[in-house]
Amino acid sequence: MIIIRVMGGLGNQLQQYALFRKFQSLGVETKLDLSWFSQKSQESAAAPRKFALSDFDGLPIQTASAEGVRALLGRTYEEEAGFAEKVRKRIAPGKTPLFEESEMYHPRIFSWQNRYLVGYWACEAYYADILDKLREEVRFPESGDAKNREMMAEMAAQPSVSIHVRRGDYLDAANAAMFGGICTEEYYDSCVNYIKERCPDAVFYVFSDDADYVRAHFTGKEFRVVDWNRGEDSFYDMQLMSCCKHNICANSTFSFWGARLNGTPDRMMIRPSIHKNTQTCVPEQMKKLWAGWTLVTPDGAVI
């Protein structure tokens, strides 16, 4: 049994779901642990979130019970590890059932049968081969806002490009140290120019949690700001991103999934060369692990 801990916002939850489905495609019994979304866990979470995968239509989710987690791990994840487990983890980390992500890509996890996995699993290489299947499974319920339906039709009729600009929580001091200074103005200028060179008639749809900021920075008739999906309805921004023919992402798993759910042949998908300031981009590695993506550095260099 593989049990995958689900945590974080919608983009992270989709990555954990994608890994769950990848294990299942390999014939491994796999379940999702949703205990992070309990009231007690949310009260202590640095950034509380709701379980959002249930908002999609009919995802084939299989959840682990607390008893199932305890049978595999010897405890629930929230409970403190006992002395024996702490000793095993220190002297023989590969022998303990708990595995916590520490690098961009851990391919060895697919050789395991009985582990409890904790991480965000953002790397495309984990589930690139099942993305077509995931696009079929991840179905958005119909929006009650006619503007979303009209926008999808408009995007389908022209060379549409999504741009995601995440500000909001990324402006907080702690988050700014980790995530700030990556998607700079130079980054976005380079991304837009890259698209225009290959698609001169592109129309750019800008999504952001700071509509005033993007209106001031993305001017011109080719830019349109999508600003009406708020609160629970922000879910539909991901769907609209996926309806564009090309995608420019922030260092945000939300826009990564807007691009991943876009099934347009020959689409251009652009992402920052790093996700966090603690990372160092190794171009050869990134191009292998994120096949099909164009990488752009904070100073606007295409690599």
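**Questions on the structure**

Colleague: Is Tyr205 buried or exposed?

Modeller: In this predicted model, the relative accessible area of Tyr205 is 0%. A residue counts as buried under 20%. The value for Tyr205 falls under that limit, so the residue is buried.

Colleague: Which element holds Tyr205, and how far is its C-alpha atom from that of Ile248?

Modeller: Tyr205 belongs to strand E6, which covers residues 203-208. Along the chain, Tyr205 and Ile248 are 43 residues apart.

Colleague: What is the C-alpha to C-alpha distance between Ser44 and Pro298?

Modeller: Ser44 is part of helix H2, and with a relative accessible area of 62% this residue is exposed. Ser44 and Pro298 are 254 residues apart in sequence. From C-alpha to C-alpha, the distance in space is 33 Å.

Colleague: How many aromatic pairs does the structure hold, and why is the pair of Trp121 and Tyr126 called edge-to-face?

Modeller: The structure holds 22 aromatic pairs. In the pair of Trp121 and Tyr126, the ring centres are 5.6 Å apart and the planes meet at 85°. Planes over 60 degrees apart count as edge-to-face. The angle for Trp121 and Tyr126 is over that limit, so the pair is edge-to-face, at 85°.

Colleague: Are Trp121 and Tyr126 buried or exposed?

Modeller: Trp121 has a relative accessibility of 0%. Tyr126 has a relative accessible area of 0%. The limit for a buried residue is under 20%, so Trp121 and Tyr126 are both buried.

Colleague: What is the plane angle in the aromatic pair of Phe256 and Trp290, and how many residues separate the parts that this pair ties together?

Modeller: The rings of Phe256 and Trp290 are 5.2 Å apart, centre to centre, and form an edge-to-face pair with 65° between the planes. Phe256 lies in helix H11 (residues 253-260), whereas Trp290 lies in the loop between helix H12 (283-289) and strand E10 (293-296). Phe256 and Trp290 are buried. The pair therefore ties together parts whose separation in sequence is 34 residues.

Colleague: Which residues form one aromatic cluster with Trp121, and what is the phi value of Trp121?

Modeller: The aromatic cluster is formed by Phe23, Tyr105, Phe110, Trp121 and Tyr126. Trp121 is placed in the loop between strand E4 (115-118) and helix H5 (131-137). Its phi is positive although the residue is not glycine, with a value near 55°.

Colleague: Where does Asp266 lie, and is this residue buried or exposed?

Modeller: Asp266 is located in the loop between H11 and strand E9 (269-272). Phi of Asp266 is near 60°, again a positive value in a residue other than glycine. An exposed residue has over 50% relative accessible area. At 73% relative accessibility, Asp266 is over that limit and therefore counts as exposed.

Colleague: How many salt bridges are counted, and how many residues apart are Lys50 and Glu232?

Modeller: The count comes to 18 salt bridges. One of them joins Lys50 with Glu232, whose closest N and O atoms are 3.1 Å apart. Lys50 is in the loop between helix H2 (39-44) and helix H3 (66-73), and Glu232 is in the loop between strand E7 (223-226) and helix H10 (235-243). The pair links distant parts of the chain, with a separation of 182 residues.

Colleague: Which residue forms a salt bridge with Asp169?

Modeller: Asp169 is partly exposed, at 26% relative accessible area. The closest N and O atoms of the pair are 2.8 Å apart, and the partner is Arg166.

Colleague: How many residues apart are Asp210 and Arg167?

Modeller: Asp210 and Arg167 form a salt bridge with closest N and O atoms 2.8 Å apart. Asp210 is in the loop between E6 and helix H9 (211-217), and Arg167 is in the loop between strand E5 (160-165) and helix H7 (173-179). The bridge links distant parts of the chain, and its residues are apart by 43 residues.

Colleague: Which residues gather in a patch of negative charge on the surface?

Modeller: One member of the patch, Asp189, lies in helix H8 (residues 185-198). The residues in the patch are Glu185, Glu186, Asp189 and Asp299.

How values were computed
Residues are numbered from 1 along each chain as its sequence is written. This is a predicted model: local features need pLDDT of at least 70, side-chain atom pairs count only at pLDDT 80 or more; totals for chains, interfaces and linings use all residues. Side-chain values use heavy atoms; hydrogens and water are left out. Patches are made of residues with over 30% relative accessible area and no salt bridge: like charges are joined within 9 Å, nonpolar side chains (Val, Leu, Ile, Met, Phe, Trp, Tyr) within 5 Å. Accessible areas come from the Shrake-Rupley method with a 1.4 Å probe; for residues, only the protein chains shown count as cover. A salt bridge is a side-chain nitrogen of Lys or Arg within 4 Å of a carboxyl oxygen of Asp or Glu. Lys and Arg count as positive and Asp and Glu as negative; His and the chain ends are not counted. The place of a charge is taken as NZ of Lys, CZ of Arg, CG of Asp or CD of Glu. Helices (H or I, at least four residues) and strands (E, at least two) are DSSP runs, numbered from the N terminus. Rings of Phe, Tyr and Trp (its six-membered ring) pair if their centres lie within 6.5 Å; planes under 30 degrees apart count as stacked, over 60 as edge-to-face and the rest as tilted. Buried means under 20% relative accessible area, exposed over 50%, partly exposed in between (1.4 Å probe, protein chains only).
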